[in-house]
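Subject: Structure for you to look at

Hello,

Here is the structure I promised to send over. Please open it first, and then read my notes below.

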Amino acid sequence: MSSTSKDAPDKKRKKTSKSDLSPLKGSGLDGKKIKLETHRDSRTIVVAHGTKSPRQLFYQEDEESMKRDAKQDMELYKAACEEIQLMMLKVKKMKDSDSSDTAVLDECRIHGSLQFATLKKLNRLAHMRCKKVRDSTHEAKQKIDQYNLQLQNLLYETTHLQKEITKCLEFTSKDEDIELVDVEEFYKEAPPEISKIEKTEGDEHELRLARLDWELEQRKQLAKKLKDALSSKEGLSKNIATKKENLDSLQPKLNAILKETKPIQEELGMPFDEVRQQHKMARFLPRPLYVLYMQASAYHEACDKAMSVTINGEMEEVKSLEPDYAAKLLFDSDSEPEEQEDGKKVSKHRRKTAGDKLDLKRKKLLRQHPLTVDISINCGDSNVLELNFCYLMLLEVVTVKLKANINATTSISGGDLLSEDMLLNCLYPGDDGKTSPNPTNGYPLNKLGITRLDNFSGTIGKPYMWAQWLSGLEFLESEDAEFNVNQQASNSVSSSRMEETLLKIRRRVNSRIALQKQLASLERCSVNVSPEHLELFPHKVLSKISSWKRTTYEDFVSVPYTEEMTEEGLVQESDMFFTTVLERGSAKLIAQVVISPDYPNQPPLLATQVHYGTKRTAFSDESIKEIEAEVNLHFEELTSQKSCDQLLSNQMQRLLMCFDVYLETEENNAAVSGPKEFPKENIYQRTCRGRNRGRPYFYNKLRGYFIQRH
Amino acid sequence: MLCNIPLKTGEVLSVGAAESQERKLRAQGVEFLYIPPLTISASFGYRVSEQAHWTIQQNHKSLAHFLSQRVGYETLHKFDWTIRLRNISLSARQRLSAVVYSQCFSPCGKFLATGNNYGHISIYSLPAALSPSASEATWKAILTFKAHPVEIFALVSTEQFIISAGSGAIKAWKWSDIHSKTLRVVWSLEIPQSVTDNPETNALVVDEQEGSSSLYAGCGDNNLYQWDMNTGDLLRTFQGHQDYVHCLAKRNDSEIISGSEDGTVRIWDTRTEECVHRLEPHKIEQCSRLQFGKWISCVAVDDNSDWMVCGGGPALSLWHLRSLSSSTTFHAPKVCSQFAMFYEDTVISGGNEPYVSHWMISGEQKQHVPCSPTSVYNVAINEKSNNYKVLAVAGSSQKVDICTNFNYKALSLTC
C-alpha cells in the first residue's frame with residue numbers, strides 16, 4: 001500500500017499530463033505537451049499532435065494502440081480510477097469540512113476531469129486493440145482453416161496413391177493362368193532360339209517369357225491344325241450332304257420301281273411283300289420265338305427250300321397285350337389273389353367253385369403268346385409235318401404242337417407211331433416233352449397241382465427240349481442248380497441246333513414211315529427184305545413168323561428171360577414192346593422185341609425163348625445167347641450205308657435164319673439115328689467151333705455157307 | 001466213332017471208342033478207364049494223367065446228364081449223339097452176352113488175367129479186390145485191352161508172359177508191361193493154314209523142361225502143334241483127330257493128352273508125334289449120353305500122372321491111365337462138363353449150369369457151389385500166392401466169381 005501510494009504521484013502526474021492534453025486535442029491546441037509526451041517511453045500516452053490531420057490522428061491512435069502495452073494501459077486505467085476516487089474523497093472531505101477553498105476544489109475538479117479524459121482514451125485504445133486482436137485472431141483462424149484444408153487434401157491424395165499402389169500390386173497377369181509345359185519338357189522340346197538356355201537358366205522372368213513364347217508358338221501351330229481339321233470336316237460334311245441328297249432322291253424312285261414291279265412279283269411268285277409283312281410281325285414276337293423265326297427262316301433261305309416258316313396270330317391281340325403281363329401274373333399268383341379278386345368282383349367269383357378257380361389259374365399260368373411260329377417241313381413223298389411253336393409267357397418255355405400229314409400204310413401194332421403224340425418223342429435222348437424243361441417252373445406248376453405238362457399237350461403242345469434249343473433257350477438238367485439261370489435266348493444256341501434237329505425230324509418221320517411199313521408186313525407174318533440186303537440171307541429160310549403183337553412194358557418185364565436186359569438199363573418205359581412167335585415144325589421161338597422211340601438209331605432189342613422139347617433161354621442154352629447176340633449186337637451189317645430203315649425187317653430175317661441154323665445143327669448134335677425132323681437144308685462148314693461149341697450163325701454171302709464169326 | 005471231350009486240363013473223356021481206334025490209341029499209350037455207372041461223379045475225384053481217355057460205359061440218360069454237367073451242352077452238341085449212344089448201348093449189349101472163356105494168374109499171384117469172347121484181356125488186381133476197403137469200384141479190371149479179333153479160348157501164364165490164344169494167332173504179352181499199362185505183343189505164333197479157314201486155338205499147355213520149353217496148342221484144324229518157345233519154331237504137328245481139339249493135358253514129360261469134338265481122347269508121344277492110345281468115352285456104357293453128343297471138352301491129369309478125368313457130351317469120368325479103364329463116373333445127368341481139374345484130393349468141374357462142382361475121387365459130390373456164369377468155362381486156383389489163394393470161376397457172364405473159401409462166392413469181378 002505504501003508503494004502504491006509512493007508511485008501514485010508519478011502516475012498522477014503522467015495522467016494529468018495526459019488528461020491535460022486530451023481536451024486540448026479536441027480543442028485543436030498546439031502539441032507541446034504531445035511533443036513532450038512523444039519522447040516519453042511507451043508508458044506514456046501519445047497525445048495527438050495538433051499539427052496532424054484528423055485522419056492521420058486516427059491512424060496514429062491506431063498505431064499507438066498497437067505500440068502500447070495493454071498491461072501498462074491497465075495500470076494506467078487503475079491509476080486513473082484510483083486518482084478519481086482520491087479526488088472524490090478529497091472533495092467530499094472538503095465538503096464535509098466546509099472548507100470552501102475553491103482553488104483547491106477547482107484544481108481537484110480539473111485533475112479529476114483529466115483523469116476521465118485518460119480513461120476515455122484508454123477505453124478507446126482498448127476498443128481499438130480489442131478490435132485489432134479480434135481481427136488478427138480471425139485472420140489466424142482463417143489461416144489455420146486453410147492449412148487444415150490443405151492437410152486434408154494431402155491426406156486424401158496419399159490414400160489414393162496408396163490404393164493405386166496396392167491395386168498395382170494386386171494386378172494379376174494373364175500369363176499366370178496359362179498352363180505351361182514343364183521346364184524340363186520345355187528345354188527338351190523348344191528350339192534353342194526360343195529356349196535360349198544361357199539366358200534363361202538363371203533368370204526366372206526370362207525363363208517364363210521364353211516358356212510363354214514357346215506356348216504361343218505351339219498354340220499357333222495347334223490353331224492352325226484345328227483350322228485345317230475344321231476345313232476338312234466341312235468338306236466331308238458337304239460331301240455327305242450331297243450323297244444324302246442323292247440317296248434321298250433314290251427313295252421315290254425305288255418306291256416307283258416297287259410299285260411297277262408288283263405285277264411281276266405276283267406273276268413270278270416272289271412274295272417280297274408278304275415277306276416284309278412277316279418281318280413286320282416278327283417284331284412283335286417274344287424273344288425266343290423271334291430267335292426261332294429268324295434262325296429258321298435264315299436256314300430256310302440258305303439251306304433248305306423244302307421247309308417254310310410263317311408267323312400266325314392276331315396282331316390286335318399282341319398290341320393289346322400288356323408289356324408286363326407275365327410279371328403281373330406271377331405277382332398275382334404269388335400273393336393272395338383270392339382276397340384281391342374277391343374284393344373286386346365279388347358276385348362273379350363267389351359263384352365259382354374251387355375247381356373252376358383252379359382251372360382258371362391253370363389257364364392263366366399256361367397262357368400262350370398270341371403269335372405263333374409255324375414251320376412246315378416237307379419230308380418227301382408229300383409228307384408234310386407242321387410244327388406249331390407257341391410261347392408260354394409265364395413259364396417261359398416254348399411248346400410245339402404237331403400236325404402230321406403223312407400218307408403211310410397203317411399197322412395195328414404200331415398205330416400210334418405216327419401219331420402227333422408219339423412221332424417226335426425222344427428225338428433227343430430222354431426228351432419226352434412231359435415235364436417243363438425250365439427248372440424254375442417247378443414251383444408255380446406244383447402249386448396248381450400240375451405235375452406233367454403232357455396232360456395239357458392238346459392245348460399247349462409239348463415243351464420238347466429241342467424246341468427250346470431252336471428258340472435259343474438253354475436249360476440244363478434240374479439237378480445242377482448252379483446253372484439254373486434263365487438266360488436270354490441266344491442265336492448261337494438256335495443256329496447250332498437247327499440243322500441237326502431238322503435232320504433228325506426228317507429222319508424220324510422217314511424212319512417211322514419205314515417202321516410202320518415193316519410192322520404192317522410183320523403183322524401179315526411176312527418179312528420183306530429189301531433187295532440190297534438180300535445177299536445177307538440164304539434163299540431158303542424155312543422158319544416162319546406166326547404172330548406179331550404189341551405188348552406193354554409190364555408184359556415185357558414179367559417175362560423172366562428179359563430180366564438181365566432190364567437190369568443193364570437197355571430198356572426204358574418209353575420204348576415200344578412187341579412179342580412175336582416164329583415157328584418151324586414142332587419148334588417155336590418166342591421173341592420179345594423192344595423198339596426204342598429213337599429207332600433206328602437205337603436198334604431194336606430182342607430176347608428169345610425156344611420151345612423145342614424143352615423151354616430154352618439164353619440162361620440155359622449158350623446157343624440161344626448166341627442168337628440174341630447175333631441179332632442184338634451185329635446189327636451194323638444189317639444197315640446199309642444210306643439208310644438203316646430196313647433194320648427191323650433185317651433183324652427179324654436174321655432171327656428166322658438163326659432159328660433155322662439152331663434147329664438144323666441142334667439135331668446133329670444129338671446124334672440120334674432115325675429120321676431127322678430138320679434135315680440140313682443149308683451148308684455148314686463146321687457145325688460147331690471152339691470151346692463154346694459155337695453154332696455157325698453167320699452166313700457167308702460169297703460162298704453161300706454158314707460159318708461161325710471169327 | 002471216338003469222341004474226345006476235353007474236360008479240365010489233362011482230362012479227356014473218350015466215349016464209345018470203336019475197337020480199331022481204341023487199339024490205335026492204346027498203341028499210342030492212351031489209357032482207358034471203365035467207369036461204373038454209380039461211381040461216375042466220384043470217379044472225377046481223381047485226376048488222370050495227361051492224355052488219358054475215359055471210356056464210359058453206362059446207360060445213356062445218366063451219361064447225358066453227367067456230360068452236360070461237366071462240359072455243357074454246347075460242347076456235347078459237337079458230337080453225334082446217334083453214334084455215341086449206339087456205341088454206349090452197344091457196349092451194354094456186349095456186356096449182356098459176354099463170355100469169359102479163359103483165365104490165368106500172374107506168376108507173382110497178385111493179378112488175374114481173363115479173356116472173353118470179344119477178344120479182350122482184362123487184368124484184375126487181387127490185392128485191391130480183396131482188400132478190406134474193397135468196393136464195386138475196385139472189383140473192376142485195372143486194365144482191359146483188345147488182344148484178339150474174337151474169342152480168347154486159352155490163357156496160360158509163364159514166368160514172363162501171358163500167352164493168349166483163340167481166334168487168330170497165338171500171342172504173348174509181358175506181365176511186366178501191365179504196370180506201364182501199355183501192352184504190346186512180344187511174340188506171336190501163326191497156326192499153319194490148312195483146309196479149315198482160320199482155325200481157332202482151343203487149348204494151350206506149356207511144357208517147361210530143363211533146357212527147353214515148348215508150347216502145345218490144340219487147334220480147330222484137328223491138329224496139335226508143338227512150338228519151341230525160345231526159338232518160335234514149330235517142332236511137331238500131331239495129326240489124327242477127326243474133329244477139332246477141345247482140350248489138352250500134359251501127362252508127363254513125354255506124353256500129352258487131347259480131347260476132341262470127335263469123341264476121342266488121345267494120348268500122344270511127344271517124341272514121335274504118334275498117337276499111342278485112343279479112348280472113346282462115348283462108347284463106354286456108363287459114360288455114354290448120346291442125347292448130348294460124344295464130344296470131349298475137358299481133360300485133366302492128376303499130379304502123379306496116374307489118373308485122368310474127362311467129360312463133355314459123355315458124362316464126366318475118372319480114368320486110370322495105366323490100365324486105360326474108366327473107374328468112376330461123376331453123376332450129373334443134365335450137365336455137360338466144360339472144365340475139370342484135380343485139386344488136392346478132389347476133382348473140380350464146371351459145365352453148362354451155374355454151379356461149380358467139387359467131387360471126391362470116389363464119385364460123391366462134395367460141393368455144389370452156385371456161381372454167376374450160367375455156364376462155366378474155366379475154374380482157376382491161385383496157388384502162387386498164399387495171401388491171395390482164391391478160386392476164380394469164369395464162364396458165360398461178364399462177371400468172374402472169386403471164392404476165397406472155395407465153398408461159396410465171395411465177390412464178382414467185372415470188366
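In which loop of chain A is Arg693(A) found? Arg693(A) sits in the loop between helix H24 (647-670) and strand S10 (698-700) of chain A; helices (H or I, at least four residues) and strands (E, at least two) are DSSP runs, numbered from the N terminus.

A word on conventions: this is a predicted model, where local features need pLDDT of at least 70, side-chain atom pairs count only at pLDDT 80 or more, and totals for chains, interfaces and linings use all residues. Residues are numbered from 1 along each chain as its sequence is written, while chains are lettered from A and ligands numbered from 1 in the order in which they are written.

Back to Arg693(A): although not a glycine, Arg693(A) has a positive phi of about 50°. Arg693(A) counts as buried, with 25 C-beta neighbours inside 10 Å (buried is 20 or more other C-beta atoms within 10 Å, exposed 12 or fewer, partly exposed in between, with C-beta atoms placed from the backbone).

Cys525(A), also not a glycine, has a positive phi near 65°. Its place is the loop between helix H20 (491-523) and strand S5 (544-551) of chain A. With 15 C-beta neighbours inside 10 Å, Cys525(A) counts as partly exposed.

Finally, an unreviewed UniProt entry annotates residues 209-239 of chain A as "coiled-coil region"; positions follow the numbering used here, feature names are shortened, and annotations may be inferred rather than shown by experiment. In the model, residues 209-239 of chain A are 100% helix and 0% strand, with the end C-alpha atoms 45 Å apart.

Best wishes
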